[in-house]
Each structure stands twice: as C-alpha cells, then as structure tokens.
Amino acid sequence: MPPTKPVRRTLAALVASAALLGAAAVPAVAAPHTAPSVQAGYGDSARLGYQKAVAVEVLKGVFERGDTKVVDRFVRPDYIQHNPLAPDGAETLKNLGTFVHQQFPDAEYRVQRAISEGDLVLVHSNVVMTPGTRGTAVFDIFRFQGGKIAEHWDVGQNVPDTTANGNDMFSTASWPRTSWPGPGFLTAYNKKLVVTAFDQLIVKKDLSALDRYWAPGYEQHNPTIANGLSGAKAGLGAYFKATLQLKVEPKRVVAEGDLVAVHSHYIPAPGERGQAIVDLFRVRGGKIVEHWDVIQDVPATSANDNTMF
C-alpha cells in the first residue's frame with residue numbers, strides 16, 4: 001500500500017540497474033544445474049520449487065559471482081525486460097551483471113522470501129551494493145517459459161533510516177516468524193481473500209474493508225504507516241484524501257500458501273505517470289495479518305518499450 005508522501009529513488013542509474021534482479025539464497029531451495037526434462041502441471045510443488053531455485057541461481061550467479069554462464073542455461077535469449085533502465089535480451093543481462101560485479105564485488109542480494117504460482121516467481125530482497133549501507137528493498141517478478149526465465153518486472157525503493165511502525169521493511173513480525181510460505185492447499189483461498197480485500201480497500205478506497213479483512217494486530221512494514229488497523233486507517237485515509245482522483249490498476253497476482261502479492265499501477269491523477277507498486281500480504285486464519293510493499297515512481301523514459309507493467 002502507498003505511503004503518505006511520494007517516494008523517489010535516489011540511487012544512481014547504475015545501482016538502480018543492478019537491483020533489477022536482486023537476490024540471495026532462498027531457504028530450503030536447492031539451485032538446479034540443468035533444466036527439468038518434464039514440466040509438471042500447474043501447481044506442482046516440484047515445478048514451483050524449481051522455478052524459485054532457478055531465479056536464485058541466476059541472480060546469485062550473475063550479480064554476486066559474475067558468472068554469466070547461468071544466463072545461457074536459465075534465461076531465454078529473447079528475455080523481455082520491464083526494468084526501465086535495461087534493454088531487452090539475455091546478452092544485456094550478462095553484460096550488466098559482469099559490469100556490476102566488477103564495480104561492486106562485495107554486493108549482497110539478501111532474499112527475504114520467495115513464492116511461486118503458475119509460471120510466475122516473486123522474490124523479495126534487500127539489495128546491498130556497498131557493505132554497511134541499508135541498501136534497497138526490491139521485488140522481482142519472473143515469468144517462466146519452457147523451464148527458463150522469459151520475462152522480468154521489478155520495483156525498488158531505498159531503505160529509510162527509521163520507520164513509523166518500528167518494523168524494518170523485510171522481517172516477519174506475525175506468528176510464526178518464518179519467511180516460508182504456508183501450506184499450498186491454502187493458496188487459492190488466501191489469493192481470493194486478498195484480491196477481494198485489495199479491490200475494496202485500494203481500488204474502491206473503502207476503509208471499512210480493513211475491519212472485514214484485516215486482523216486487529218496487523219503488522220505494517222511500509223515505513224511511513226503505523227502498525228495496526230488504526231495506523232492503516234489513518235495512513236490510507238490521509239492518502240486517499242490527498243489523491244481524490246487515484247486510480248489503481250492491478251496487473252498481476254502471485255500467491256503461495258499464506259503469502260499473496262499484488263503488482264499494480266497507482267495513478268494519483270489523470271495524466272500522471274504514477275508509481276509501480278508491489279504489495280505483499282500475509283494471511284493467517286482468514287485475516288490479513290502482515291504487509292510489506294515496495295514503491296517506485298514510473299520514469300519519463302525507458303531503455304525498453306515494454307512499460308513497467
């Protein structure tokens with residue numbers, strides 16, 4: 001969900017480009033070295049685990065080790081890029097990874113959580129290019145085709161010094177405090193709940209949705225909004241009043257277990273470029289208990305013709 005004031009990326013173009021595929025190790029997902037011989041059906045846990053592992057292998061290989069061979073193995077040559085600072089194509093990704101690794105040899109891509117549904121993978125990371133800095137919060141979304149990465153979207157936001165809620169932008173505050181998604185049999189139910197709640201609260205701007213779909217002890221990781229239902233009502237109420245013509249267009253939803261992510265275009269007023277935002281929700285016991293987000297202004301120009309959406 002959006003902050004109560006605009007968020008601007010202040011990283012230099014190079015650093016921002018480096019964040020276009022932020023990642024590190026995902027717990028309990030072994031990175032593969034070859035593509036699977038058979039692609040299982042939708043929802044198959046092995047295939048979803050494979051996709052998450054491939055995303056991690058590519059990201060770590062390219063941006064932490066400078067190993068461009070992983071791109072040849074796991075990225076399609078006609079790779080479609082939506083990061084506005086990078087052109088299309090696997091060769092561009094290899095060149096960028098090599099240069100970034102040379103300029104930032106100690107860079108870390110600290111994955112906090114990763115989920116997969118259908119042909120999509122979402123990775124939430126803290127990208128730290130220089131040791132000792134707070135770095136950037138990044139959501140990456142990958143689309144797979146034939147066992148390889150075919151397309152990529154992302155949003156990035158500088159990590160602030162302080163937050164209004166006492167939570168950082170990455171930790172899990174609700175119980176149980178794990179970054180792993182919950183059981184897969186809950187995916188469909190939780191996805192439907194979040195899509196309905198998001199439509200009523202964010203698209204239709206109905207604050208009463210908070211009482212219906214959110215838990216009283218709601219944990220907030222947006223750095224400008226306080227914890228709990230009262231914090232959400234105050235923060236979003238002020239935002240809606242300041243953006244009376246706000247239009248929110250959800251573009252894609254990725255869900256696994258108790259985690260549901262919504263990738264949207266927030267347009268504060270007609271004619272404005274707006275923001276690309278990923279909202280990630282955690283559902284427990286039929287209520288939304290936790291929220292993380294990353295917000296990026298849509299730039300005036302792009303290195304590709306694909307838009308951020």
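The predictor's confidence in each residue is expressed as pLDDT, which runs from 0 to 100. In this predicted model, local features need a pLDDT of at least 70 and side-chain atom pairs count only at pLDDT 80 or more, whereas totals for chains, interfaces and linings use all residues. Residues are numbered from 1 along each chain as its sequence is written, and side-chain values use heavy atoms, with hydrogens and water left out.

The protein chain has an average pLDDT of 88, and 86% of the residues score at least 70. Over residues 4-31 the pLDDT stays under 50, and the model has 86 contacts (heavy atoms within 4.5 Å) beyond four places in sequence for this stretch. Residues 33-43 also have a pLDDT below 50, with 16 contacts beyond near neighbours in sequence. Where pLDDT is low, the predicted coordinates should not be read in detail.

Helices (H or I, at least four residues) and strands (E, at least two) are DSSP runs, numbered from the N terminus. An open sheet of mixed pairing is formed by five strands in the order β1-β5-β4-β3-β2, where two strands pair if DSSP finds at least two bridges between them. Because β1 and β2 stand at the edges with a single partner strand each, one side of each is left without a neighbour in the sheet. Within the sheet, β4 and strand β5 (residues 148-158) pair in the antiparallel sense over ten bridges, and the bridge partner of alanine 137 is glutamine 157 in β5. Helix α4 packs on the sheet, where it touches β1 and β2.

Leaving aside residues up to four places away in sequence, valine 75 touches Val58, Val70, Ala90, Leu93, Lys148 and Ile149.

Lysine 94 lies in helix α4 (residues 90-103) and counts as buried because its relative accessibility is 12%, buried being under 20% relative accessible area with a 1.4 Å probe and protein chains only. Beyond residues up to four places away in sequence, lysine 94 touches Thr68, Val71 and Asp72.

How values were computed:
Buried < 20%, exposed > 50% of the residue type's maximum accessible area, 1.4 Å probe, protein only. Axes fitted to C-alpha atoms, helices over the stretch in contact; angles between N-to-C directions.
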